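Dear colleague,

Here is the structure I said I would pass on. My notes follow below it.

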Amino acid sequence: MAQISRRRALSTQDFVRGVLDRDRAVLSRAITLIESGRAADRESAQDVLRGLLPASGGARRIGITGVPGVGKSTFIDAFGSMLTEAGHRVAVLAVDPSSSRTGGSILGDKTRMARLAVDPAAYVRPSPTGGTLGGVARMTRESMLLCEAAGYDVVLVETVGVGQSETVVAGMVDLFLALMLPGAGDELQGIKKGLLEIADLIAVNKADGDNALRARQALAHYRAALRIIEPESPSWRPTVWTISGLTGAGLPELWAEIERHRAILGASGELAAKRRRQQVAWMWSMLDARLLSAFRDHPKIRALLPELKEAVAGGTVNPTAAVEQLLDVFNN
């Protein structure tokens, strides 16, 4: 496999050939290209995506969420390593819409995935924020397509597990896995019902040592909670498992359940239908982003916005009137 120089500028054909040849350096540069906010880069990125689209779509797309401290990095490192040892190629995309404020803790997560970070069959990449969840969603979706074209047959999309990032990630994957802590008990009352409604699988992590009993108790609590929630799929009811990212216990069984989910939804046609819906949703989200970008970049809007923002903040203009004024300027 010929390696493309890291120093020279790459053409669309260079990017397409390099990604298809599984050149990790070119894959990284291609992802950097789609992350760019420059208009010229955006055009080039779309050319690259069009060239690679026929080679994408074959991976298992798995979203993973969990509150900070649940052990996502340890789990992904162990789970991903188990899959690469079984012959899979694993890509990890980390979504953190808060990283521009916190300084980018996801980069720290990459260093904590010690085995995957040096595994030649794995690729770990943090997604930038783009300032909004919409920016994250666009770049993560496109990064996922590039990873699939590069031959990664399992793509794990990690979210920090706070805010609305879970819903965004659930809308771009085949299966959404929620990692939970042992000792649910009263804590179950604080769990967002919305998370249980979008999760396809729940795994109680850290089910080892002194946590083993609490993990079994949590298992029973989550199973009871799921019984009163109507599943989204007519052919799949979410299940609950206990696992340990530290010891690896339960990971083979969890993977078998993920494969069972894929087989059931694939046979019923729901998986293909789900991906079609996601494509349409992606189109609308990209349209929203482009329209907002065009609005913000309009010369008259740029000129008016600082003064109008100050007036709204000061209470001399109400937000509704400000919006109407901005739209009038934009449309005329």
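**Salt bridges within and between helices**

Asp14 and Arg17 both sit in helix α1 (residues 12-20), three residues apart, which is about one turn of the helix. Their side chains meet in a salt bridge, with N to O at 3.2 Å. Asp14 is buried, at a relative accessible area of 9%, whereas Arg17 is partly exposed at 41%. Please keep in mind throughout that this is a predicted model.

Arg260 is partly exposed, with a relative accessible area of 39%, and Glu257 is buried at 6%. Salt bridges with shared partners also join Arg60, Asp153 and Glu259 into one network.

Which parts of the chain does the pair Arg115 and Asp77 link? The side chains of Arg115 and Asp77 meet in a salt bridge at 3.6 Å, N to O. The pair connects distant parts of the chain, with Arg115 in helix α7 (residues 114-117) and Asp77 in helix α4 (residues 72-85), 38 residues apart. Asp77 counts as buried because its relative accessibility, 7%, is under the 20% cut-off. Arg115 is partly exposed at 44%. In total the structure holds 11 salt bridges.

Ala114 is partly exposed, with a relative accessible area of 47%. The C-alpha atoms of Ala114 and Ser73 are 9.4 Å apart in space, while the two residues are 41 apart in sequence. Ser73 is among the buried residues of α4.

How much of α4 is buried? The count is 11 of its 14 residues, so α4 is largely enclosed by the rest of the structure. The buried residues are Lys72, Ser73, Phe75, Ile76, Asp77, Ala78, Phe79, Gly80, Ser81, Leu83 and Thr84. From first C-alpha to last, α4 reaches 20 Å, close to the 20 Å expected at 1.5 Å a residue. Gly87 follows α4 and has a positive phi, near 105°.

Helix α13 (residues 270-297) has 28 residues, which should span 40 Å at 1.5 Å a residue; its end C-alpha atoms are 40 Å apart, in agreement with that. Buried in α13 are Glu270, Leu271, Ala273, Lys274, Arg275, Gln278, Trp282, Met286 and Phe295.

How are α14 and α15 oriented to each other, roughly parallel or roughly antiparallel? Helix α14 (residues 299-314) packs with helix α15 (residues 319-331) at an angle of about 170°, and their axes are 11 Å apart. Angles over 145 degrees count as roughly antiparallel, and α14 and α15 are therefore roughly antiparallel to each other. On the α14 side the contact consists of Lys300, Ile301, Leu304, Leu305, Leu308 and Val312, and these meet Pro319, Ala322, Gln325, Leu326, Val329 and Phe330 in α15. By class, the contact has 10 nonpolar residues, one polar and one charged.

**Two loop residues with positive phi**

Arg22 has a phi near 65°, a positive value in a residue other than glycine. Arg22 lies in the loop between α1 and α2 (24-35), and is partly exposed at 43% relative accessibility.

Lys206, too, is a residue other than glycine with a positive phi, near 60°. The loop that holds Lys206 runs between β6 (201-204) and α11 (212-227). Lys206 is partly exposed, with a relative accessible area of 30%.

**The chain as a whole**

The protein chain has 15 helices and seven strands. Of its 332 residues, 48% are buried. Among contacts in the chain with a separation of 6 or more, residues 24 or more positions apart account for 74%.

Regards

Notes
Residues are numbered from 1 along each chain as its sequence is written. This is a predicted model: local features need pLDDT of at least 70, side-chain atom pairs count only at pLDDT 80 or more; totals for chains, interfaces and linings use all residues. Side-chain values use heavy atoms; hydrogens and water are left out. A salt bridge is a side-chain nitrogen of Lys or Arg within 4 Å of a carboxyl oxygen of Asp or Glu. Helices (H or I, at least four residues) and strands (E, at least two) are DSSP runs, numbered from the N terminus. Buried means under 20% relative accessible area, exposed over 50%, partly exposed in between (1.4 Å probe, protein chains only). Axes are lines fitted to C-alpha atoms, for helices over the stretch in contact, and angles run from 0 to 180 degrees between N-to-C directions. Angles under 35 degrees count as roughly parallel, over 145 as roughly antiparallel, 65 to 115 as roughly perpendicular and the rest as oblique. Contact means heavy atoms within 4.5 Å. Ala, Val, Leu, Ile, Met, Phe, Trp, Tyr, Cys and Pro count as nonpolar, Asp, Glu, Lys and Arg as charged, and the others, Gly among them, as polar. The expected span of a helix is 1.5 Å times one less than its number of residues.
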